[in-house]
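This report looks at the nonpolar core and the aromatic side chains of one protein.

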Amino acid sequence: ANTHDQGVNEAIFPQTLEVDFVRVYECSVLPEKGTGCATVGTNPTIVEGNAAPEIIPPIANFGEGPVFNLYQDALIEGLAFNSYDPDNNVTSQEIAVDGKGSVIEMIKDGATGNLYLEYPPKVDLSHFSGDGELVFDIRVTSMDSDATLLVKIDSGWPSVSDYIVPLPALNEWTEVRLDVEDIVLNGNSLSAGGIVDITNVVNVFVLEPSASMTLQVDNVRFEQ
């Protein structure tokens, strides 16, 4: 008898299927029939695609308190820089600043776009939502007169919560302390009804100026 012919073990369910990305291509020749896909043609054009995202394995005890440092002179292992930048408005870099060491600098030239620190395996930060704070140092070196700055905690759009940051005078460093619970309960100001799932956070720190702004941040952390 076939030892594998024992049916399906129902104890393995439920299962999860995660899709990274899907691409659909249409042939430039006879797209209605698809027969044009059988040939490259005499003058092929190379279309640059996007690199597959890096797969970051989960890190044991990632995000534990009482202090969860995201950036102090360097990005903590497991996090990565990324941005939402459909209009090419956002650039970022790490620069050396006297008395601060390395800091993150974000330059935004336009209304659309943000910069974020991501942890694709997702992290549970609910232990900071009761008595925790999101803390960071910030300096704004230039900005449009009507610009504001949102800080966000993101578990996947539209499950995002944001908060307007009180900005210091230009070129002055200041420490900002925001109650994590206040951020969470504030919800998504750009999409009604959206709110972060603090147990399942993928982008742990998002900076989104509403207009052109150049800013620097350092000593980014969650504290209980």
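## Basis

This is a predicted model, in which local features need pLDDT of at least 70 and side-chain atom pairs count only at pLDDT 80 or more, while totals for chains, interfaces and linings use all residues. Residues are numbered from 1 along each chain as its sequence is written, and side-chain values use heavy atoms, with hydrogens and water left out.

## Nonpolar core

A nonpolar core is a set of buried Ala, Val, Leu, Ile, Met, Phe, Trp, Tyr and Cys residues joined through side-chain atoms within 4.5 Å. Buried means under 20% relative accessible area, exposed over 50%, and partly exposed in between (1.4 Å probe, protein chains only). The largest such core has 40 residues, and those touching the most other members are Leu70, Leu125, Phe136, Val204, Phe205, Val217 and Phe222. Strand S11 (residues 213-223) contributes the most to this core, with 5 residues; strands are DSSP runs (E, at least two residues) numbered from the N terminus.

Beyond its neighbours within four places in sequence, Phe205 has contacts (heavy atoms within 4.5 Å) that include Leu70, Phe136, Val151, Lys152 and Val217.

## Aromatic pairs

There are 5 aromatic pairs. Rings of Phe, Tyr and Trp (its six-membered ring) pair if their centres lie within 6.5 Å; planes under 30 degrees apart count as stacked, over 60 as edge-to-face and the rest as tilted. Phe62 and Phe68 are edge-to-face, because their ring planes stand at 75°, with centres 5.2 Å apart. Phe68 is buried at 3% relative accessibility. Phe68 also stacks with Phe222, at 6.2 Å centre to centre and 15° between the planes. Since Phe68 lies in strand S1 (residues 67-71) and Phe222 in strand S11, this pair ties together parts 154 residues apart in sequence.

Phe62, Phe68, Tyr119, Phe128 and Phe222 form one aromatic cluster.

## Charge over a ring

The charged end of Lys100 sits over the ring of Trp173, 4.6 Å from its centre. This requires NZ of Lys or CZ of Arg within 6 Å of the ring centre and within 35 degrees of the ring normal.

Conventions. Helices (H or I, at least four residues) and strands (E, at least two) are DSSP runs, numbered from the N terminus.
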